[in-house]
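Take a look at the model below.

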Amino acid sequence: GAKPTTAPAGPRGGKVTVKTELRQPVIALAWPLPTAPAQRAKVMSVAALLNGRVNYHLKGRSYLTTYGEGAATTVTMLVEPAHDESIDDALEAAERGVAGALQWLEDEEAQSVKQASQAEFYQSMEDSFDRDTQIARQLARGESIADNVQASLTAIGQLSRDTARDVSREH
């Protein structure tokens with residue numbers, strides 16, 4: 001049987017324990033994803049920064065994905081420990097990566113994060129089922145695709161260390 005592991009989700013978060021059979025242990029860190037395109041782009045950009053810093057501290061690997069729909073959507077970082085890394089060590093590495101990420105971010109790194117976020121945004125607009133689903137959801141909510149794209153690109157372009165800190169505090 002699987003032994004569930006829990007950890008605090010943050011100052012406004014809680015704990016979630018899921019008992020399931022897994023081939024290997026995994027840690028899931030999730031943050032609410034806003035529905036407003038500009039805020040969503042900011043949160044995704046900061047999540048990408050955090051993911052990079054967690055990977056730096058981790059022997060295993062971490063990656064981002066999204067779960068849910070509408071107001072219940074989260075951006076989730078899945079952290080997979082290496083075979084010689086305990087779940088506790090991986091959790092400690094993830095905590096170090098998240099805690100130190102915003103102190104590490106300086107102007108040069110902010111430019112790099114912007115460029116990576118822009119590239120990821122453009123990649124998300126390539127022909128795919130995910131892109132089509134995202135567009136269908138926006139249209140169903142009566143949103144303008146062009147306005148959403150512009151708002152996202154503007155938000156990414158204005159990303160700074162202070163903006164990243166604000167986003168991390170709010171989400």
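The paragraphs below cover confidence, then the core, then a helix.

This is a predicted model. The protein chain averages a pLDDT of 79, and 82% of the residues score at least 70. Strand β3 has the highest mean pLDDT, 91. Helix α3 (residues 107-124) has the lowest among the elements, 73. Over residues 4-11 the pLDDT is below 50. In the model, this stretch still has 12 contacts beyond near neighbours in sequence. Where pLDDT is low, the predicted coordinates should not be read in detail.

Now the core. The largest nonpolar core has 22 residues. Those with the most contacts inside it are Val-46, Leu-50, Val-54, Leu-58, Val-75, Met-77 and Val-79. Two or more residues each come from β1 (27-32), α1 (37-57), β3 (74-80), α2 (87-104) and α6 (161-170). Helix α1 gives the largest share, six residues. In soluble globular proteins, nonpolar side chains tend to be buried together.

Leu-58 is then in contact with Val-79, Glu-80, Glu-85, Ala-90 and Ala-93.

Finally, turn to α5, residues 145-157. This helix has 13 residues. From first C-alpha to last, α5 reaches 18 Å, close to the 18 Å expected at 1.5 Å a residue. Which residues of α5 are buried? They are Ile-145, Asn-148, Ser-152, Ala-155 and Ile-156. These residues lie on the same side of α5, because they cover an arc of only 100 degrees around the axis. On the other side, Ala-146 and Asp-147 are exposed.

Definitions and conventions
Residues numbered from 1 in each chain as written. Predicted model: local features only at pLDDT ≥ 70, side-chain atom pairs only at ≥ 80, totals over all residues. Heavy atoms only, no water. Helix = DSSP H or I, 4+ residues; strand = E, 2+ residues; numbered from the N terminus. Expected span 1.5 Å × (residues − 1). Buried < 20%, exposed > 50% of the residue type's maximum accessible area, 1.4 Å probe, protein only. Arc of directions from axis to C-beta. Core = buried A, V, L, I, M, F, W, Y, C linked by side-chain atoms within 4.5 Å. Contact = heavy atoms within 4.5 Å. pLDDT = per-residue confidence, 0-100. Lists of a residue's contacts leave out its neighbours within four places in sequence.
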